[in-house]
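The sequence and model come first.

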Amino acid sequence: MQNWNDVLDSLNPAQRKAVESPEGHLLIHAGAGTGKTRTLAARTLFLQFEMGIPSGAILALSFSRAARQQLLDRLSSLGWEAGGGSPVQVLTFHGLAWRVVRMATDYGETWLRPNFEIVSSGRGGISPLFDQYSDEFVKAALGTAFRLNGIRWRGYAGRDILERFEQFDHADFRLVEDWRSFPELSVPIWAKGIDMLRQGHPEFVQALVSPEELKTERLITILGNHSVRIQVSTRELRVVWQRYNQILKRRNMIDYPGLVAEAVRILRKPDSLTAHRLREGLRFVMVDEYQDTSRAQEAMLFQLAGSDVNLNVVGDARQAIYTFNGSDVSNILEFPLRAALTGKRVLDPVHLEWNYRSAESILCVANRIAKKLEVPKEHRGSIKGELQQAPVQTSGETVLWRQSGLDVRRVYAPRIDLAADFVATEIERLIKEERVHPGHISVLVRKDSEYSPQASFVIKELERRGIPLHERDKTPESKRVLATKAMTLCQQHFNSTLEELIDGIICGGFAEELEDEAERNALAELLRESLQSGAVQAWEALETLQDVLEEDGFEKTADTGGVSVRTVHSAKGLEFRIVFLMYLGSRTFPHGIRHDPAEERRLFYVGITRAIERLYLLGTPGPHHADFFGESTGERVHHVDWTVPGGREVFSGSELSAEYKKKVSQVKQRQSEEEERKRKLLAQLLGSLD
């Protein structure tokens, strides 16, 4: 076991403490770049080597398919390094929910029938069934109310509804108090509301699994696009949800939020045969990126664990950036308290703070931003200390980058086009003068849309100068088609092993389903991915194949042939030698009129901590809301003025000069006056429509 001892010796004290923890519920709070995936993989091997836990008694869960693959890769490489260890099954939360519901169809514990279909999300994350049956929902919930108000439902087509909703959502809601004046907007608002209730609405103690749980009549807040808050009646939501469930049942379908909700409902049942079968032999569940889980996913996890299974979760509350998609940061902050309710032993949290990724100047800025994150007093024990640069233990290119000693550069660019000009000019210099590989550079933007085209400005300028770009392709449609065929094949040969199925494909079996040799090879490779994920039987592969269909698509690779331009959200889990982060300013970053300040600051923190050697922060002081541009100033920050193309260096240091502060004040004043002018103009336009 010398190899395994070498692995243990390579861990720092905090990592080793987490890996060698005894049996019980455990929270590992791992800061950015602190080696959380390696720690989780080492913990999994420790359970096998030192505690004698069979690999089949360990289940690992991840937030996304990309994170699942990263964990699988690390488990494989660490197992090879340690000279042993068996693979454990790794699923996404939706993969686990699919397993629960599919198994429940065998026992008659769900309203779904075998071979049920998953409804993929449509535009705006809304189920296409809401478009298809829009008239039916409106008539059921609002027919009487609208007749009383003298408003006639006009029967908009689904596409028109979504287009009107997206356009309307960009209006200033402070000037539009009654959204019911636009009845065509009701359907997508209800759809978002039902999703929020099933994932975990902040006004309810727990996620709801059925419309019958909406017992009291009241108004609740629904979060629309761009953080717009809309008051909706629970009576309407209950009626629409009931009608939606009737449609799903009739068509033997379920959507992704409903899949998790149904899994929770099944596992909650007393004496559930499904729950008993899933828990049989299960000793540990390891969860990665726990800060990104929703209340519904947390409920499914705890229901699965019951009072016997140990939960070991890893995450960072400072990197919780998916609340718009249902995640709840309280899951990780309150994990020790909620885990104690199971009656099983809860271990003291372990905090990983040694950062193996970033230069000291970058960590200095990251810690400065982290201090401004508001954490309730009762949860401060869940987040301790600051990120510290880890001692050098190895040699290599990345280690040299971390020791560069370069300051962070904060670039004042009063317009996005000027920011794009600076980015392109500096990247051109880095490539030509310093011989930096384009694939080591990334430009991270807060938003890239028709209304906030931050990436588009940069891409256009980089293309104009002939700088190579890394194109992020979505998962090819051919792979989705292949995954659908693989699922059909696995359902038809339900009790076969995956190895039997793969051998049959390669040897020319299934002639009717597969006629093309290239397709056979691709299908066999796809099933091998499921085999590597821990699936053995054909039915087990259905869960990982479903993840392929669910995949949001953008490949998660950092080192490529060209400069990467992507959103901060899509860069989660990645690292780059050089990062340009933009565009800091009011309504751009933090984004939106009514944004969540804590969420936006966590996203800013995530963007900062993607950088290894150099970090550039671009933008302008924000006259409204949080001023991320101003917050980033301080020790180890170098200031650059880029008010005209070509720009000029200002000075190094932690304090701004009186002249510079005066200029910032003037910019804020001009921005305030311009926004007030636009607000008055919008009020006049809306008034003319009355």
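The sections below cover ring pairs, a ring cluster and charges over rings.

## Basis

This is a predicted model: local features need pLDDT of at least 70, side-chain atom pairs count only at pLDDT 80 or more, and totals for chains, interfaces and linings use all residues. Residues are numbered from 1 along each chain as its sequence is written, and side-chain values use heavy atoms, with hydrogens and water left out.

## Ring pairs

Rings of Phe, Tyr and Trp (its six-membered ring) pair if their centres lie within 6.5 Å; planes under 30 degrees apart count as stacked, over 60 as edge-to-face and the rest as tilted. The count comes to 14 aromatic pairs.

F302 and F335 make a tilted pair, at 6.1 Å centre to centre and 45 degrees between the planes. F302 sits in helix α13 (residues 295–305) and F335 in helix α15 (residues 335–340), 33 residues apart. Helices (H or I, at least four residues) and strands (E, at least two) are DSSP runs, numbered from the N terminus. F302 is buried at 15% relative accessibility, and F335 is buried at 0%. Buried means under 20% relative accessible area, with a 1.4 Å probe and protein chains only.

## A stacked pair and its cluster

F580 and Y616 are stacked, because their ring centres are 4.3 Å apart and their planes at 10 degrees. F580 lies in strand β17 (residues 576–584) and Y616 in strand β18 (residues 611–619), so the pair ties together parts 36 residues apart in sequence. F580 is buried at 0% relative accessible area; Y616 is buried at 2%.

Ring pairs link F422, F580, Y616 and W642 into a cluster.

## Charges over rings

A charge sits over a ring if NZ of Lys or CZ of Arg is within 6 Å of the ring centre and within 35 degrees of the ring normal. R218 lies over the face of F204, 5.0 Å from the ring centre. R410 lies over the face of F629, at 4.1 Å.

Methods. Buried means under 20% relative accessible area, exposed over 50%, partly exposed in between (1.4 Å probe, protein chains only).
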